Amino acid sequence: MASEHDEGGNGRAAAPRDGAAPAAGTPDPKTAAAVAAAEAAGPQNGESVRVDSWIWAVRLIKTRSLGATACRGGHVRVNGERVKPAYSLRVGDEVRLRQEGRERVVVVKRLIRKRVGAPVAVQCYIDNSPPPPPREAVAPAGIRDRGTGRPTKRDRRDMERLRGLEGLSSSRRDAGGRP
């Protein structure tokens with residue numbers, strides 16, 4: 001016996017009878033409910049959210065303390081300016097976040113204070129980030145065979161050359177004051 005809420009009898013809502021498929025832009029009901037809950041817990045009109053809290057809430061950073069540390073270290077820019085963790089974000093601000101050798105560029109669409117699930121978090125910003133480099137393009141960081149011991153001076157120079165740090169070792173020698 002099917003109830004009036006699920007006419008198909010399989011526990012899900014029945015498809016429209018006229019044969020029209022649901023709109024592609026229509027969010028999942030669970031996601032829509034989560035967005036509504038996040039907005040209810042968010043700031044009211046005219047209020048703002050701290051930048052460290054927002055980048056944590058939309059899952060750009062794992063912890064809020066890492067967000068605050070990134071702000072203090074100059075890795076977070078809002079509208080082109082370095083900001084402190086307590087900087088107040090507004091809708092429409094462009095946030096640039098440097099982490100793990102990659103820069104994320106997002107535009108604030110919705111302000112939230114509480115951390116939400118990934119599907120909801122994606123709806124809170126517009127991602128304008130450049131695509132990450134392919135994994136094959138990233139060079140391995142000097143992998144050595146197990147048990148070969150400490151690298152020699154020649155091995156260290158080769159590894160620095162691979163990483164593109166050639167000039168660094170020569171400037172280190174100049175700073176030592178030796179002729």
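## Exercises on a predicted model

A polar contact of 3.1 Å links the side chains of Asp52 and Arg50. Such a contact is a pair of N or O atoms within 3.5 Å; within protein, one must be able to donate a hydrogen and the other to accept it, and residues adjacent in sequence count only if both atoms are side-chain atoms. This is a predicted model: local features need pLDDT of at least 70, side-chain atom pairs count only at pLDDT 80 or more, and totals for chains, interfaces and linings use all residues. Residues are numbered from 1 along each chain as its sequence is written, and side-chain values use heavy atoms, with hydrogens and water left out.

**Exercise 1. Describe Gly80.**

- Step 1: Gly80 lies in the loop between strand 2 and strand 3 (81-82).
- Step 2: Gly80 is partly exposed, because its relative accessible area is 46%.
- Step 3: Gly80 and Glu94 are 14 residues apart in sequence. Their C-alpha atoms are 7.9 Å apart in space.

**Exercise 2. Survey the protein chain.**

- Step 1: count the elements. There are six helices and seven strands.
- Step 2: read their order. The pattern is α-β-α-α-β-β-β-β-β-α-β-α-α.
- Step 3: check burial. Of the 179 residues, 26% count as buried.

**Exercise 3. Judge the confidence of the model.**

- Step 1: take the average. The protein chain averages a pLDDT (the predictor's confidence in each residue, from 0 to 100) of 76, and 66% of the residues score at least 70.
- Step 2: Confidence is highest in strand 2 (residues 76-78), at a mean of 95, and lowest in helix 6 (residues 166-175), at 51.
- Step 3: look at residues 1-24. Their pLDDT is below 50. Beyond near neighbours in sequence, this stretch has seven contacts in the model.

Definitions and conventions
Helix = DSSP H or I, 4+ residues; strand = E, 2+ residues; numbered from the N terminus. Contact = heavy atoms within 4.5 Å. Buried < 20%, exposed > 50% of the residue type's maximum accessible area, 1.4 Å probe, protein only.
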